[in-house]
Amino acid sequence: MNNNPIGVFDSGLGGISVLKELKALMPYENYIYYGDTFNAPYGIKSDSEIMKYSEKCIKKLLDMRAKAIVIACNTATSVAAKKLRACYNIPIIGIEPAVKPAAVHHPESRVIVMATPVTLKKEKFVHLMKNYSNMAEIIPLPCPGLVEIIERGITEGKEIDNYLKVLLSPFENVKISAVVLGCTHYPHIKNAIKKAFEYEVDIIDGGVGTARETKRRLTIEGLLCGRSENGNIIFMSSSSSKNVLCTMKKLFEL
């Protein structure tokens, strides 16, 4: 079982940013990445829909003998992770906006949290923000439509730049110290976000922390593989379009 793959799923292409961190930390593991691109984005769906889609993703990965599941989607983690852990007897690791490291490293400053509207409304995020609001000014910033742009494989250029210009216009005369990427799609446009500011801003995402937590859980469960050569990655999608798989591989290699 130790050589079985780690299953990673997201509503679409975003979780590839987490897959890259997992591969960098645990290169000898095998991975299956499943993007539910047919139902993307989750950020505008109801809780019941997100739960239903997440269960389908996990069952698909378990059918392929996944030894652990990484929910590489902030929205799905917020809605479904707790219920899924109660249903399945394998490690299920989620992701959350990296508010803590942002507040710790930038005390008494302004920190923007970019995320989907659904993620920002969930009790999990509200609780997270409350825990660290005494350390820094946490500013939730919903980003409707941004996931859809990235799902089309657009990670740079005029469309992204114009979107960010409008999104960040309220902060033109406000000093921002850090931007937390509260959606796994957003690391794919990290350079564009940096460029949107006229000064240096720390861009923080939760992918590294999720990879570390996955390794920790696998170590505790005795599930780390015993190989010394690089593992394989299988890319899968709920969409029938071959272009989706090409885009997945392209984003992974960036």
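**View A. Pro-41 in the loop between β2 and α2.** Pro-41 lies in the loop that connects β2 (31–35) with α2 (47–63), where helices (H or I, at least four residues) and strands (E, at least two) are DSSP runs numbered from the N terminus. The peptide bond leading from Ala-40 into Pro-41 is cis, with omega near -5°. Most peptide bonds are trans, and most residues other than glycine have a negative phi. The structure shown is a predicted model, in which local features need pLDDT of at least 70 and side-chain atom pairs count only at pLDDT 80 or more, while totals for chains, interfaces and linings use all residues. Residues are numbered from 1 along each chain as its sequence is written, and side-chain values use heavy atoms, with hydrogens and water left out.

**View B. Arg-65 and Glu-108, two residues with positive phi.** Arg-65, in the loop between α2 and β3 (68–71), has a phi of about 70° although it is not a glycine. With a relative accessible area of 57%, Arg-65 is exposed; here buried means under 20% relative accessible area, exposed over 50%, and partly exposed in between, with a 1.4 Å probe and protein chains only. Glu-108, likewise not a glycine, has a positive phi of about 55° and is found in the loop between α4 (99–105) and β5. Its relative accessible area is 79%, and Glu-108 therefore counts as exposed.

View C. Between β2 and β9 the parallel pairing extends over five bridges, and Tyr-31 has Ile-233 of β9 as its bridge partner.

**View D. Helix α11 and the elements that cover its buried residues.** Helix α11, residues 242–253, has twelve residues and spans 17 Å from its first C-alpha to its last, close to the 16 Å expected at 1.5 Å a residue; the expected span is 1.5 Å times one less than the number of residues. Its buried residues are Val-244, Met-248, Leu-251 and Phe-252, and they lie on the same side of α11 because they cover an arc of only 100° around the axis, an arc taken from the directions from the helix axis to the C-beta atoms. On the other side of the helix, Lys-242, Asn-243, Cys-246, Lys-250 and Glu-253 are exposed. The cover over the buried residues of α11 includes α1 (16–25), β2 and β9 (233–237), contact meaning heavy atoms within 4.5 Å. At the N-terminal end, Ser-241 caps α11, with a side-chain oxygen 3.2 Å from the backbone nitrogen of Asn-243.

**View E. The buried residues of α1 and their surroundings.** In α1, the buried residues are Ile-16, Ser-17, Val-18, Leu-19, Leu-22 and Lys-23. They pack against β1 (6–10), β2, β3 and β9, and also against the helices α10 (207–221) and α11.

**View F. Thr-184 and Pro-187 in the loop between β7 and α9.** Thr-184 belongs to this loop and, at 4% relative accessibility, counts as buried. Leaving out residues up to four places away in sequence, Thr-184 touches Asp-10, Gly-14, Gly-15, Ser-17, Val-18, Ala-72, Cys-73, Asn-74 and Ile-95. A polar atom of the Thr-184 side chain lies 3.5 Å from the backbone nitrogen of Gly-15. Pro-187, in the loop between β7 and α9, is buried with a relative accessible area of 17%. Beyond its neighbours within four places in sequence, Pro-187 is in contact with Ser-17, Leu-181 and Asp-205.

**View G. The largest nonpolar core.** This core has 26 residues, and those with the most contacts inside it are Ile-112, Met-114, Leu-146, Leu-164, Val-179, Tyr-186 and Ile-193. A nonpolar core is a set of buried Ala, Val, Leu, Ile, Met, Phe, Trp, Tyr and Cys residues joined through side-chain atoms within 4.5 Å. At least two residues of the core come from each of β5 (110–115), β6 (137–142), α7 (146–151), α8 (158–168), β7 (178–181) and α9 (190–196), and α8 gives the most, with five residues. Not counting residues up to four places away in sequence, Ile-193 touches Met-114, Leu-164, Val-179, Leu-181, Tyr-186 and Ile-203. Apart from this core lies another, of 24 residues, which include Phe-9, Cys-73, Tyr-88 and Ile-90.

Conventions
A polar contact is a pair of N or O atoms within 3.5 Å; within protein, one must be able to donate a hydrogen and the other to accept it, and residues adjacent in sequence count only if both atoms are side-chain atoms. Two strands pair if DSSP finds at least two bridges between them.
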